[in-house]
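Please look through the model below with its sequence at hand.

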Amino acid sequence: MSGPYLHKDISRRTLLARAGQLGFLGAGAPLAMNLASAAEAAAVGADDYRALVCVFLYGGNDHGNTLVPYDPVNHSRYLGIRGGVAFQRKDLDKTALTPIRAQTLTDDLHYAFAPYCPRLKVLFDGGKLAPLLNVGSLITPLTLAQYKSSNRALYPTPPKLFSHNDQQCTWQAMGSEGSTVGWGGRLGDLALAGNDHALLTCISASGNAVFVSGNKALQYQISPSGAIAVKPFKEPEYGSPAISEALHQLITQPRQHAMENELTILARRSIEMEGIVNGALDKVTLQTNFDTVPGPNSLADQFKIVARLIGARKELGAKRQVFFVSLDGFDQHSNLVAKHSELMGKVDEALAAFYVATVEMGVQRQVTAFTASDFGRTLANNGDGSDHGWGSHHYVVGGAVHGGHYYGTAPHVSVDTDDQVGQGRLLPSTSIDQYAATLARWFGVPDSEIATVLPNIGNFDRTPLGFV
Amino acid sequence: MAVLVESRPAMKASIAPGKMTEADAARFLLRAQFSASDADIAFVRAHGYAAWLDQQFASPRGQTGVDWLTAHKHDAIDKDAHYFWPQAGDYMIWNQILAQPGEMRLRAAYALSQFFVISLNPIDGYWPPYIMAAWWDLLADGAFGNFRDLLERVTLNAGMGMYLNTKGNLKEDKATGRQPDENYAREVMQLFTIGLRMLNPDGTEKLDASGRPIDTYGQDDITNLSRVFTGYDHDMRRTRNITVPWQNFPVITHEFCVDPMRLDPGKHSNLAVSFCGTTIPADTPGKDALKTALDTLFHHPNVGPFFGKQMIQRLVTSNPSPAYVRRVAAAFDDNGSGVRGDLKAVWRAVLTDPEALAAVDPADTLSGKLREPVLRLASWARTVGLHSETGDFVMHDLSRSDNALGQSPLRSPSVFNFYRPGFVPAHTAIAGAHRLAPEFQLQNETSVAGYINFLQWVIRWGYTDVKPTYDPLRDFAHDPERVVTWLNLHLAADQLSPQTCGLIATALASKQVTPDSPDGHKLDMLASACLLVLSAPEYLVQK
């Protein structure tokens, strides 16, 4: 690591140590202050704007060690099943959760966040974060008996369960690999017309993601450093204006061959949008610190460019936007304790910073972030990790969220009850469609249009889940 | 057998030696390896495709990745703890891809590295570069061998053990609720052998009586198979502990990276295993259980079409016809001498199939494939000549798309490779035609610009100690038309149209380079020429 980084880290470490002297809330203290000032800020900028941000945890987040059974009875069940990858109860004392209003869960469960998610706890306590319990891919509601039935015509299961790439695609597009339209993209289709730049309706800060690809809405991909200009156009260096001009022609002129032509379409789009996007971003001032913990955090970098784009919404004439950010590496078959700490720690840092940024910009009620992931994992352990599962817990964060409260049905802490299909792989009690439909309604999709976004929603109870 | 008869024509060149043009030969060579040298073009024209392939199959490897690391002192045990650093893993693989001889073997190994995937990204602990070099050497050494041998070496490789968790995988334990790790059991089926759906020999999905696809396996098969992969760990017998003054635990030497993992019978599950129609009885010795399990996967009828289609996609076209896949699968099933899994037969079938060698049809607007960024850089480097001033090949992870190449070998973001074989770019005429374009998964608004920006620097100034020589072009650097013609043949098999060549030559002429111009001006012009050719859609889509 080079000098400047090291220097930065040391100074941050010093700061952190000082904050630590304030007690547990050290890391969460600025966040708590922001929560307190949220109410007044919200009154200020109430323009007609809404944004959804999908936070995808690639690899299948271990829900069992993210939201952990904390009451003594359930914790001891958890300890018995998880063995060497379990948290001790005392490790969870500081992140134990108490719902804002009394709530009784399955088997009188009480949860705590993983110790490395102190900021998520603060968001929960402040009513800005809502956990949705045991949500996953389903085609119709399914009991364990129906799952075990061989009558797939009557009791269809989602294709290619437990497979990473296919379940990523199922979460994003309700179909296995090869799908080209995601539900975020379908939301974008409905919102395109209200935005000055249709292309800035669906945006990925994390490379190609089918989630933000609609029937009409294209996904615009941006890097954490903003849009990238083609340098030889601006600085020919050893070239010449004639070389730059030839380059421009070559990469943008339509071509007969379809693959070649798609490259030119993409190049034209890249060049055209770069000026518009960077022009608008240049005018955004955002004070929020996205780097509150030592070490790089690619998710925080992505959240920051999303926040800056939201800051540029008026300049860009955007009324409704769908964003996609992601973090890799959640497939923790081994070394779960260390790796999960590293990754969920990044999620904790990034989500909290993003929320603070929306408060700074006065849009916290207009921006809702939510998590998604390939699948949950087994509750049973394989020595030092866990294996591919199905249902999982997810989190919705924002000023419009009715947080500090659980939604969905808490699963038993068990490997043999009828809400799991073996080794603690959860049989989802809430479908992705219901999760998505609730977010879609908040985004402004009328009831009559929900089924165009989520074709299977008719198979489920359509009552909104109420978390936002 | 019908399949045998069909696999034969694929082994013959459809253009007789002597009638082959330079462009025909270059087109073949740019698929079979990274570049097309004049010597290779001449050989292919004189002796045909099959003879050239035989010559490659018989040629020895260049320096191995492991030997290269050691020759460059990356085995040094020093106070900076370089034994924990990953960087030399990147230097090693760039040296292999850009500079080592035995190009076809290395090109094949690169294709294999996108089927059997491990990535340097999460590899930690001692000697990550040696872990990756041993992995790469396994693929390069096995590229002309048999799939079954390769599958076993892949399974027991030290790096694969770390990447998909066979290393340290323990048998079930009722007392603690511990289950075997399922990661390798799942991915060896889904990605390395049979895939998720039953296939016809032509690679299309089999359907049941009600028209639904048929799964190859279920969760129970995985849970069972996972028992086979328990009890393995790195083999530390040749590895030595070295006491050093600067840390309070010993440094270990790197032999464990190269040696296959070792079975500890006490940690191996003795439960019976039942998967994909095969049963391995309880208490079968681990070694025998492994053999039965890998044999079962190897003999599954899906392997030929599943593997074969992906190798066609890597080397020739994103959208082979079912008949092309069937011919390659048949060559996998039987090399003509009754041997299953002969990779030489697969490469022959892929590269000399009539569909591959048929003339480019201008009316077919979906032919070919997008060249991935690593292949663009490799084709350029090997064509214009590259020189590492120090020999150190200090080329880093180039994965970032905003300020680097947008791809780096052995740096896949996950076991699912840089892109998926079934990827369809949304909102394109490709999707409209229901075709695939895997490499487009890396193509976006950021990478379009990032790639050109990266090129602009590297093709003129090189990357750290690695500099382009432009030796083959220097003598005629003052002649724009000749430069463009030469680059068109060697980089693009003459697939740049006359209009495009004219556009580039005219732009280059504005540089007004003469035979007496200083070297720097000539290099400016050659770099400009390469920037334009390597950015041209006709080059980027390899047909």
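A residue is called buried if 20 or more other C-beta atoms lie within 10 Å of its own, exposed if 12 or fewer, and partly exposed in between, with C-beta atoms placed from the backbone. Lys73(B) has 11 other C-beta atoms within 10 Å, so it is exposed. This is a predicted model, in which local features need pLDDT of at least 70 and side-chain atom pairs count only at pLDDT 80 or more, while totals for chains, interfaces and linings use all residues. Residues are numbered from 1 along each chain as its sequence is written, chains are lettered from A, and ligands are numbered from 1, in the order in which they are written.

Helices (H or I, at least four residues) and strands (E, at least two) are DSSP runs, numbered from the N terminus. Lys73(B) sits in the loop between helix H5 (65-71) and helix H6 (87-98) of chain B. Most residues other than glycine have a negative phi. Lys73(B) has a positive phi, near 65°. Phe393(B), also not a glycine, has a positive phi of about 50°. Phe393(B) belongs to the loop between strand E8 (386-388) and H20 of chain B. Is Phe393(B) buried or exposed? Phe393(B) is buried, because 23 other C-beta atoms lie within 10 Å.

Pro305(B) is part of helix H15 (residues 303-315) of chain B. Pro305(B) counts as buried because it has 25 C-beta neighbours inside 10 Å. Two residues are in contact if their C-beta atoms, placed from the backbone, lie within 7 Å. Leaving aside residues up to four places away in sequence, Pro305(B) touches Leu199(B), Pro201(B), Asp202(B), Gly203(B), Val325(B) and Ala329(B).

Now to chain A, which has 15 helices and 11 strands. Of its 468 residues, 57% count as buried. Among the contacts in chain A with a separation of 6 or more, 74% join residues 24 or more positions apart.

Finally, the two chains meet.
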